[in-house]
Amino acid sequence: MSQFWSPIVHDLVPYVPGEQPKVRNLVKLNTNENPYGPSPKVLEAIRLGVSDQLRLYPDPNATELKQTIADYYDVHEDQVFVGNGSDEVLAHVFHALFQHDAPLLFPDITYSFYPVYCQLYKIDYQTIPLNEDLEICLQDYPVNNAGIIFPNPNAPTGCLLPLAEIEQLLQRNTKSVVVVDEAYVDFGGETAISLVNKYPNLLVTQTLSKSRSLASLRIGLAVGHKDLIEALVRVKDSFNSYPLDSLAIKAGVEAFKDDAYFEQTCQKVIQSREWTITALKELGFKVLPSSANFIFAQHPEHEASVLAAGLREQGVIVRHFKHARIEQFLRITIGTDEENQQLLAVLDSLV
Ligand SMILES: Cc1ncc(COP(=O)(O)O)c(C=O)c1O
């Protein structure tokens, strides 16, 4: 507390990111990073970008990256927005598109940054409960709202909504913006970007942090109608003209161009997820179906907090949320096969 703080800062309850431990040799399965590095072509582009040209400001519009993404998804460049991680893109979405009279709607169990943005930008919100299987039920979302946002697959559950259900929501909910946060879609979902030309109120956000192994570079994007994108650009240009540095722009371009590497990495993660789920079930865990690069699992006879502490003692870190309805679950990121084996060996000793 300080007399110099503005009133809004006194009440802010910031988002708490997963731990980035200083200790080496931990099996780090707590923040949904990709266990495989970025494409070699991405690394080469970064190497080539390290030159005396770094004295210049980067392209404020990141045009090359936006054009590459537009080509990839077969949309126009003015339908693409990029920012410093999808967290920043989402912050601009909340600021630019969700401040209206009715409440913003999102699931009761979801990405915990959403209520933080609501507090920061003074947006009224209402949470809609997941069903008893911890799935999002879009038919429960009333049409009187200032906007709707949900991740697909949802986080931290990993559960996926079929595209048909999202389209049914868009047919009903025409008066406010619907944002589908596709941070994990490449691990088994189908992107809603195919619907943006049909529904001018649909905005899809994605990140290069997960499926394209670039969490450290901070690159996020949004695709939607050009009017929605213009709102984001207006906020961005009133906040930071250069959210992406020149190395991130070059790396992002190569990450989208090297499709073969991307496909191969995603498939490896998906295959590891499937055998890890089978092995967890053999240890007595109940595991939600996952279309993400993480698993949400609980053991009927063991406290999740005790399991998380036991794993940590033996060098494996996973995420445990002390939130109602999910406090008996562990969220476990899929690692390399070796890391997943280590996780299972420790859990075997604990249960
Ligand atoms: C659902 C969801 N959306 C967005 C993000 C933000 O990703 P980034 O800011 O790294 O692009 C995350 C990160 O964990 C996430 O889980």
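Trainee: Which residues lie nearest the centre of the second largest pocket?

Mentor: The model is predicted, with local features needing pLDDT of at least 70 and side-chain atom pairs pLDDT 80 or more, while totals for chains, interfaces and linings use all residues. Residues are numbered from 1 along each chain as its sequence is written, and side-chain values use heavy atoms, without hydrogens and water. A pocket is an open set of points on a 1 Å grid over the protein atoms alone, where a 1.4 Å probe fits, with protein on both sides within 12 Å along at least five of seven lines; lining residues have an atom within 4 Å of a point. Of the 29 lining residues, those nearest the centre are Tyr15, Thr31, Asp87, Tyr111 and Lys210.

Trainee: Which helix gives the largest share of that lining, the second largest pocket's?

Mentor: The lining divides into 11 nonpolar, 11 polar and seven charged residues (Asp, Glu, Lys and Arg count as charged; Ala, Val, Leu, Ile, Met, Phe, Trp, Tyr, Cys and Pro as nonpolar; the others as polar). Four of the lining residues, the largest share, come from residues 85-97, helix α4 (DSSP H or I, at least four residues).

Trainee: Which residue in β12 is the bridge partner of Gln298?

Mentor: Strands (DSSP E, at least two residues) β9, β10 and β12 form an open antiparallel sheet in that order, where pairing takes at least two bridges. Five bridges join β10 (residues 294-298) to β12. The edge strand β12 covers 329-333, and Gln298 has as its bridge partner there Phe329.
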